[in-house]
Amino acid sequence: MDRSRIVESILVLTHADETGSALSKASLEAITAGQDLAARTRETLTIGIVAADATTLSKGLPSTKLLAVSGEAFAQPRYATDAAACEALCRAAGASIVLVPAGARFSRVAAGVAYRLGGAIDTHITAIHAGADGLEANRWFYRQRVEAVLTRDARPWFLVLDAGTHAPFVPGEGSPQIETVAVHLPALRTTVTRIQSPKQDEQTIRPDAKMLFVTGAGWTKKQPDGQTHVDEAGNLILAFLRATGASLGSSKSLVDQGGDGNSVLPFLTHMNQIGQTGATPRHAKGLSTCCHGEEPHVVGWRFIADRRAISLDANCGWTRGKADVVYVADAFQVIAKLNELLAKEK
Ligand SMILES: Cc1cc2nc3c(=O)[nH]c(=O)nc-3n(C[C@H](O)[C@H](O)[C@H](O)COP(=O)(O)OP(=O)(O)OC[C@H]3O[C@@H](n4cnc5c(N)ncnc54)[C@H](O)[C@@H]3O)c2cc1C
């Protein structure tokens, strides 16, 4: 079907962040994506807000059609209320393209809402553009090794956007008009009593951090004095993470050591692993320590813009063209010194 002749109606779904007083960062990124797409395709753009109080959240949003589902029931993430809210917004907007911010809240309802509306959904979308035959969406497969360009005839087409692929929209001045959308809620069986989450410094995986800090197996190996210094390594790494707010990644060799109930560095799990069989995060900078820089690991650094490494081995994989800067040095000494300087800065 030649979609270039079909008029699309673009809806960006958004929700409040944990404070309830601002839109989530992923929602702001989705607004940028929606604005770009609407400008390029000259299609209509609607922004839909799900929040306890949408009036505050709409301040400074672009002057486009704004729809909102408001009320206490929408203050907390809950499948029944979020799905009903998103469905009502899609119907009210007559949306054919629905941009959804990735994140725990909407990722879990988006497929259900697409099903209710008889539409289709694709996740992990990184870019959307107008192709010769209508809209095209890009996503990556096989640990970001293969990039696919998708088109679909089914409408509404839900596109769940990967976080970090668009700059967050910066709200300006003004209070645009909002149209309130009524929602018929089903009987609610779930009561949200509270959110229980690990303390900030226990959460070592921080997708929004500017820097990725990678630890390799070298931290647990015998050092020049013939001894291992695992406790010291753990303290240095945690102090560095606390001071910088960096996200913690690891080589496979290091996280594998923590198997069978033997925790080597207790804050590391397989979730931290970067690489071919691990994660491929997006950060502006990356600092690798005590890691050799082998190809199955470095492939996970695909979206790290500025790469640096500290290794004792002047002949390691990083020095062979995989990092922008390599410090041939003892990471224990370098990180201890860095922590000292960071502490002084505070
Ligand atoms: C199919 C397949 C998939 C794989 N997938 C992944 C993956 O997803 N992710 C991944 O990481 N690996 C993966 N691997 C494993 C990968 O090939 C490497 O074995 C692994 O990355 C090596 O980890 P490392 O560099 O931490 O350890 P090592 O190779 O042991 O390197 C340790 C480094 O630390 C340095 N060092 C020691 N002490 C210090 C010090 N004081 N200061 C500075 N440097 C020091 C040493 O010089 C050495 O270079 C995969 C392998 C296969 C076969």
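Predicted model: local features only at pLDDT ≥ 70, side-chain atom pairs only at ≥ 80, totals over all residues.
View 1. Strands of a sheet pair through backbone hydrogen bonds, which may be arranged in either a parallel or an antiparallel way.

**View 2. Strands S1 and S2, a parallel pair**. Strand S1 (residues 9–15) runs parallel to S2, and seven bridges join these two strands. Among the paired positions, Ser-9 has Thr-44 of S2 as its bridge partner, while His-15 stands opposite Val-50 in S2. Strand S2 spans residues 44–51, and because seven of its eight residues are buried, S2 is largely enclosed by the rest of the structure.

**View 3. The crossing of helices H5 and H8**. The axes of helix H5 (residues 230–244) and H8 come within 10 Å and cross at roughly 40 degrees, and the crossing of H5 and H8 is left-handed. On the H5 side, the contact is made by Glu-232, Leu-236, Ala-239, Phe-240, Ala-243 and Thr-244. On the H8 side, it is made by Phe-332, Ile-335, Ala-336, Leu-338, Asn-339, Leu-342 and Ala-343. Taken together, the residues of the contact of H5 with H8 divide into 10 nonpolar, two polar and one charged.

**View 4. The shell of residues around the ligand**. The ligand is surrounded by 30 residues, of which the closest are Gly-216, Gly-218, Ser-251, Lys-252 and Gly-275. The elements that contribute two or more residues to the shell around the ligand are helix H6 (252–256), helix H7 (295–298), strand S13 (304–311) and helix H8 (331–345). Helix H6 gives the most to the shell around the ligand, with three residues. By residue type, the shell around the ligand divides into 11 nonpolar, 14 polar and five charged residues.

Note on methods: Residues numbered from 1 in each chain as written. Near = placed C-beta within 6 Å. Helix = DSSP H or I, 4+ residues; strand = E, 2+ residues; numbered from the N terminus. Nonpolar A, V, L, I, M, F, W, Y, C, P; charged D, E, K, R; others polar. Axes fitted to C-alpha atoms, helices over the stretch in contact; angles between N-to-C directions. Left-handed = near helix turned anticlockwise from the far one by under 90°. Contact = placed C-beta atoms within 7 Å. Buried ≥ 20, exposed ≤ 12 C-beta atoms within 10 Å, placed from the backbone. Pairing = 2+ DSSP bridges.
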